Amino acid sequence: MTNHWNDLQNSDCILIMGSNAAENHPISFKWAVKAQKRGAKIIHVDPRFTRTSARSDAYIPLRSGTDIAVLGGMINYIIKNKRYFHKYMVEYTNSSFIVGKDFDFKDGLFSGFDSKTNSYDKSKWAFELDDKGIPKQDKTLQDPNCVFQILKKHYSRYTPEKVSSISGVSVKDLELLYNTYTATGKKDKAGTIMYAMGWTQHTVGVQNIRAMAMIQLMLGNIGIAGGGVNALRGECNVQGSTDYALLYHILPGYLKTPLAGQDTLEQYNNTYTPKSNDPESANWWQHYPKYSASLIKAMYSEDTPEQGYQYLPRLDNHKASVYSWIPLIDHMYEGKFSGGLIWGMNPACSSSDSVKTRKAISKLDWMVNVNLFQCETSDFWKGPDMDPEKVKTETFFIPCASAIEKEGSVSNSGRWMQWRYKGPEVFGDVMTDGHYFHEIWEELKHLYEKEGGVYPEPITHLSFENMCEENEHGHMEFSARKTAKLCNGWFTRDVEVKGKKFKKGQQVPSFAYLQADGSTTSGNWLYCNSVSDTENKAMRHDASQTKEQANIGLFPNWTWCWPVNRRILYNRASVDEKGQPWAPKKAVIKWNGSKWVGDVPDGGWKPGTKHPFIMRKNGFGQLFGPGRADGPLPEYYEPLECPVKTHPFSKTLHNPTAVQVEGEEKAVCDPRYPFVGTTYRITEHWQTGSMTRWQDWLVEAEPQMFVEISPELAKLRGIENGEKVTVESVRGSLWAIAMVTERIQPYNINGTDVHMVGMPWHYGWVTPINGGDSANIVTPNVGDPNTGIPEYKAFMVNIRKWKEGDN
Amino acid sequence: MNINRRDFVKLTTAAAAGIAAVPAFGGLGKAFANTAEERAKQLSPKWTQQTTSVCAFCSVGCGLLVNTDLETKRAVNVEGNPDHPINEGALCAKGAASIQMTENPKRPGKFLYRAPYGTEWEEKDWEFCKKRIAKLIKKSRDESFEKKNAKGQVVNRTMGIASLGSAALDNEECYAMHSFMRSLGLVYVEHQARI
């Protein structure tokens, strides 16, 4: 989230699209309703009527996977009706940049496409530069090659009639949505978006979000109270675990994983440190070498950053099609891994195509699963269609401490780093995950020291002691408090930075003081400023605020928020060149003549001296985004499994760059699988249910796998409400109890009724008895080309009455 | 008086079923009735310690109050923290059921091991698991370690082990996991954020 939960109350129009906030983030909805009581409008756009729709001012159904059509239509509407916030769009976004002559777009494909590799040469989308290397601008927005004109041309194709014909949203509903939402393009009005996996889990996931980010930039809705682009993330610490880079492509703080050929730290830094010749561009990533050196120094304190860099593994490239989840599971299925460490996860139910995933796990020689409760992953070897006597995998189930049994911090969607204290003792013989990591590492270190082995230094040199404290028995053990200090970072020797003297061992006050020469550690530069010499700010429970802060509910003294306790990102865009807020009644920051008041500003420079989007090389919000794998502008494509052979925007049916597994069949207009399938969550269960299916109260409320279908589809298939049915796709089948409901309606697509089948994905065969199995048995191994996230939200299935012999 | 929550649950169940209960509460037979008043008494600061935490389900980050019995060291109540600015004491159905994630008779407290082609779990201790897991990691790493790629570039990576997880870890544990996995040379490192 660029903003945070309490800030929803400041909005004038809340668009909820790709999320069912009232059921899946119930407490967030409290703040949406507060805005509504003040007069704000809530609009819910979703394939299914839910409790979110019930409390919204308008509910607009769309066919799953057609969001870019609807959003592209909104961009067209904004331009045609001049609903943009002109000054903001001209001064703060790249609307005026001149795009180079190599850029082109023809029939669904951008220039630079290579059909052999299904990828783009992104250099074809570069901006024209002046002789200083700064992008050329036409602030009149008249140049035919400026971003605004390119946008205007591109989205003029997204007429209400075309959008309606493919999405199933009526022209009347589109007008209502566009008119209501774009009314926030005025300088004192704020519109916000609440989205979740309904947007990310598509082969166009990133472009769904980019389309909305573009709308927000055009309307001047970024950086302001009640605005922003707000991802409702799914797990209590998925924000933190992403910040801490448990992903193939990044190191903590969104640094890049090193690639083959980047043989030295200098080469690595040079590749990822952007250079800007514009004195008004803060170009914050220019500090990259300080953050990389401090991370390496946190990991390898006895080595120089240059030596420590040599211990980091290198990838061949950063392609999602090579290293992300879908190819990883495919590799496992092909028997290319001997071992698997599966920590606090249940991929046997959560991964797309569960049947393949479960078989993949059985190809491992050994597998360790750490969880609170046994699950379909730990017990995969005795699951459906498995004969334990034929499964080679040596399997460990390691039970772990629960959240309230240990201390440490978690970061919520609003980037608040909140400390958890230890309540009860850890249960039974179990320990915390941190203890497990430390003790296994310790054992490995002993083994390598005793027996030798391949390149042991990265393990034996790892400074795990930085994360440990001596316990009452005199042994070093994992300590969350010590690790939190390390993640912030400390000085490794006495130094003077920016005229201030620091002693060895002192905490670094903020990332502005981090150094590239090994004199500072920081396990994650974004968290530098969270733990000082005197306090761990994640522990703060102080609700006091200044008048300005209280006006918009910032709560700056309640816990701590990255970066540097800034509660609303890009807040320099909320003010004009004199530092005066566009919306004085809901000011985020304000220049009072000598200093900034309100939130922590995005850099302390005087107003009007720096472009506000400081994390971008040029300092502007990116209406034209030349960095994405599938094009600089969102373009409409059908899901990789879909019910139509054509769409009205081009002859390119699917995202040509989507992640796929070669040779895997897909159902496109396949009469065997005529219905759109989708998956979602319910309030009473969580993710695969591996924790909630063991909780009696929750199982009593939601005991069994069900499938929601419309009365029309029920009639078509002769299915009664409450009847057992079979849902099947190219990949597999499962049973569910039919819930026939008017919450789902057929969509009118090009004059034809298209039906949808909706399933929760919380169930699995381990428990409860007769609870059913995972909806992911039917989901496909296709994903977004930028992130690799599978398309769980739109695929093709059949539904029919269950019969003897079915699963 | 030393009674843990599991026994307490068993006893209250027994009382509800009409079976004469053993007066394990030293004559406080009334305690078995489990009335609101009695439950309130259990929350008394004399009996429990109160700590704050954060809900372990979605990412809203609702504040929790956790009351832990001073004798048994087990949680007796988990509820929304009324002082917390986001949830102001409220919780959803899952958050309100948080205590069952920790205090749950079905929760395994033992380490389980299944040998290759085995048909049953065996209980093992942590020492066994730790030593065996470390040996297996070392074997897989040493066998699959690539010093150079096909182009002859230095890569120093372990191709034979995949790591999945976890958004359920605390930040500090995530940092520890990142350091550990990268020190092993792993490049196939993924978790919930990807799915």
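A polar contact is taken here as a pair of N or O atoms within 3.5 Å; within protein, one atom must be able to donate a hydrogen and the other to accept it, and residues adjacent in sequence count only if both atoms are side-chain atoms. By this rule, 83 residue pairs are in polar contact between chain A and chain B, both residues at pLDDT 80 or more. The structure is a predicted model, in which local features need pLDDT of at least 70 and side-chain atom pairs count only at pLDDT 80 or more, while totals for chains, interfaces and linings use all residues. Residues are numbered from 1 along each chain as its sequence is written, chains are lettered from A and ligands numbered from 1 in the order in which they are written, and side-chain values use heavy atoms, with hydrogens and water left out.

The interface can be described further by its residues and its area. With contact defined as heavy atoms within 4.5 Å, chain A contributes 166 residues and chain B 114 residues. The buried area, meaning the accessible area (1.4 Å probe) that two parts lose on being put together, summed over both, is about 12,500 Å² for chain A and chain B, with 63% of it on carbon and sulfur atoms. Of the area that chain A buries against chain B, 6% comes from Leu246(A), Leu341(A) and Phe427(A), more than from any other three residues.

Charged pairs also span this interface. A salt bridge requires a side-chain nitrogen of Lys or Arg within 4 Å of a carboxyl oxygen of Asp or Glu, and 12 are found across the interface of chain A and chain B. One of them links Lys34(A) with Glu88(B), at 3.5 Å from N to O. On the side of chain A that touches chain B, helix α19 (residues 433-451) of chain A provides the largest share, 12 residues; helices (H or I, at least four residues) and strands (E, at least two) are DSSP runs numbered from the N terminus.

Strand β12 (residues 339-343) of chain A runs parallel to strand β8 (residues 161-164) of chain B, joined by four bridges. Here Gly339(A) stands opposite Ile161(B), and Gly340(A) has Ala162(B) as its bridge partner.

Within chain B, β6 (residues 145-148) and β7 (residues 154-158) run antiparallel and are joined by three bridges. These strands form a hairpin with five residues between them, and Gly152(B) in the turn has a positive phi of about 85°.

Some backbone features deserve a look of their own. Most residues other than glycine have a negative phi, and most peptide bonds are trans. Asp107(A), although not a glycine, has a positive phi of about 50°. The peptide bond from Thr767(A) to Pro768(A) is cis, with omega near -5°, and Pro768(A) is found in the loop between β30 (756-760) and β31 (795-801) of chain A. The bond from Gly165(B) to Ser166(B) is also cis, with omega near -15°.

Technical notes
Two strands pair if DSSP finds at least two bridges between them.
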